[in-house]
Amino acid sequence: MSEYIVTIGLEVHCELKTESKLFCSCPNKFGGEPNSHTCPICSGHPGTMPVINKKAVEYAIKAGCAIGSRINKFSKWDRKNYFYPDLPKAWQTSQYDLPLCVGGEISFEVNGEEKTVHMNRIHLEEDAGKLVHSGGHTAVDYNRCGVPLIECVTEPEIHSADEAVAFLEEMISIFRYSGISDCKMQEGSIRADVNLSIAKRGEPLGTRTETKNLNSLRSVRRAIEAEIARQTDVLESGGRVVQETRHFDDASGTGYGMRSKEDAQDYRYFPEPDLMPVVMTDEDIERIKATLPELKAARRKRYTETLGLSAYDAEQLTDEPSVADLFDGTVALGANPKKAANYVMSEIMRKGKTEGEDGITVGVTAKQLAEILALVDKGEINLVASKDVLDKIWQSGMSASEAVDALGLRQNNDVGEIEKLVRDIISANPGPAQDFRNGNEKVLSFFVGQLMKATRGKINPKIAGELVRKLLTCS
Amino acid sequence: MEKITTETIRHTAMLSRIELTEEEERGMTEHFAALLKQMETLDSFDAASVPATAHILSAVNVLREDVAGEPFDREKLLGCAPERDENSYIVPRVVE
């Protein structure tokens, strides 16, 4: 199998996070009762006229800017005709020869090596509806119909499932950082088509197949592996690969052919007479580009090179844009980067993670978190108590200081008071006290633990430890 | 100019999911050929110096702000369909 070179091109469909649909004002919302977000425009009634959503155009251009595409200053709309009930007009309004973005590239790391995949184009189009097949009929829901979608087409420069998955991870990160899409695979807001062929080294490219609508990274990986194995079997047994559209069945882990692929001509593209072209000036493009935040790769680099974090920490912190924003904001407010990083990676990520869901919910602002860290730093609360504070202020506007008082958690740093407590604990535990005097150092943490328990974590553990040692040694 | 054959007509009919009788196929073949003949008259026009246009009107950037409105009354929309259930359009089963 390894003697074949695998060539893969991806078409990634990504739903844009606008308020309304691409050509009408219906809400762009996932879920809801079937057909509850529809109107005569998105359900394809004759005589209706589409009007382009400005934000969707800007988001598509922003996606292009984020990956270094050339933005077409003149782009137009086309009808891609095909007959299927998920598309009520019997054509998809899309862009054919003059898409919004041309070229660009995405660099990523795969198995320790840097790799760059060039992009062919990004164009804007409308999503199709959803079909539910049951019994002898199909039920049609047009809620998703008309949701703005960018189709991002790579050059055929990907050569393995690992590369495809790493590429997609990087693309998802870029789009999420850019704020143009949530890229929630489980909600179908990002889906990939895989074009794949194999050929022996030195021979021309083989015949390709297209596996459509893969909606998880896991499916992409499995579909690619299954298709490489299938095409290898076909060629090894003397057969030839047929150009076709295939579907991958996640449950069985196998792909099957759907129909012989209709080539581009069969879509009978023609210019959309109901929509005017989009013209962008250099100033427009610069204005949109200026809204791009610092992306993941740049932040990762800054975290290691400027803030001195480890590569592992930088990777963890930048996985989720909202987490990276929280971290940056907290450091900007004066927190120590390493301490802030540790706190975010342990407490915030633990608390913000919901079982079975992608992503992290960030329930505190940078200001709230910076205050918690400052209180810990000043010794007003200890790390254990800070978790209660975090619970209290999570998704509320309360300041950390207010929570500390409300919970009565302010740490006792009064040496005199702590000394009295230490004496009480020592006399209540003569056995362990003797153990310490006999040289068992471990007993020290037993006493500190007892003190923390007795005071519900409110004493300064550092002062307590020093006092236990002092009193046990001199008595 | 490419010749319109019965094959062209059958292929187009298949893409449009239309069934044609043999008689209709013959009629369509002639009809398509006549249309193409008409289009040929454009060849007599020297368009070399004319830039390609994307639209017959000169307006560009007809855009709307991204503001979500109220969806349309679902009952009215579903009511237009030949077949429906409580909340969906019903069509013949399209996958095997």
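In this predicted model, strand β5 (residues 78–81) of chain A pairs with β6(A) in the antiparallel sense, over four bridges. Within that pairing, A:Lys80 has A:Gln92 of β6(A) as its bridge partner.

- Three strands make up an open, antiparallel sheet, in the order β6-β5-β17 (chain A).
- Its edge strands are β6 (91–94) and β17 (270–271) of chain A, each pairing on one side only.

**Domains of chain A**
- Chain A is assigned domain 1 (4–284), domain 2 (294–407) and domain 3 (415–474).
- Between domain 2 of chain A and domain 3 of chain A, the C-alpha centres are 32 Å apart.

**A:Asp328**
- A:Asp328 sits in helix α7 (residues 321–332) of chain A.
- Its relative accessible area is 18%, so A:Asp328 counts as buried, the cut-off being under 20%.
- Beyond neighbours within four places in sequence, A:Asp328 contacts A:Glu294, A:Arg299, A:Arg302 and A:Tyr303.

**Where chain A meets chain B**
- Chain A brings 52 residues to the contact, and chain B brings 33 residues.
- In chain A, A:Lys54, A:Phe83 and A:Met276 lose the most area to chain B, together 16% of what that side buries.
- Two salt bridges cross the interface.
- B:Arg74 and A:Glu33 form a salt bridge, with their closest N and O atoms 3.2 Å apart.
- There are 24 residue pairs in polar contact across the interface of chain A and chain B.
- β11(A) gives the most to the side of chain A that touches chain B, with four residues.

Methods:
Residues numbered from 1 in each chain as written. Chains lettered and ligands numbered in written order. Predicted model: local features only at pLDDT ≥ 70, side-chain atom pairs only at ≥ 80, totals over all residues. Heavy atoms only, no water. Domains from an automatic or database assignment. Helix = DSSP H or I, 4+ residues; strand = E, 2+ residues; numbered from the N terminus. Buried < 20%, exposed > 50% of the residue type's maximum accessible area, 1.4 Å probe, protein only. Contact = heavy atoms within 4.5 Å. Pairing = 2+ DSSP bridges. Buried area = accessible area lost by both parts, 1.4 Å probe. Salt bridge = Lys/Arg side-chain N within 4 Å of Asp/Glu carboxyl O. Polar contact = N/O pair within 3.5 Å; in protein donor to acceptor, adjacent residues only side chain to side chain.
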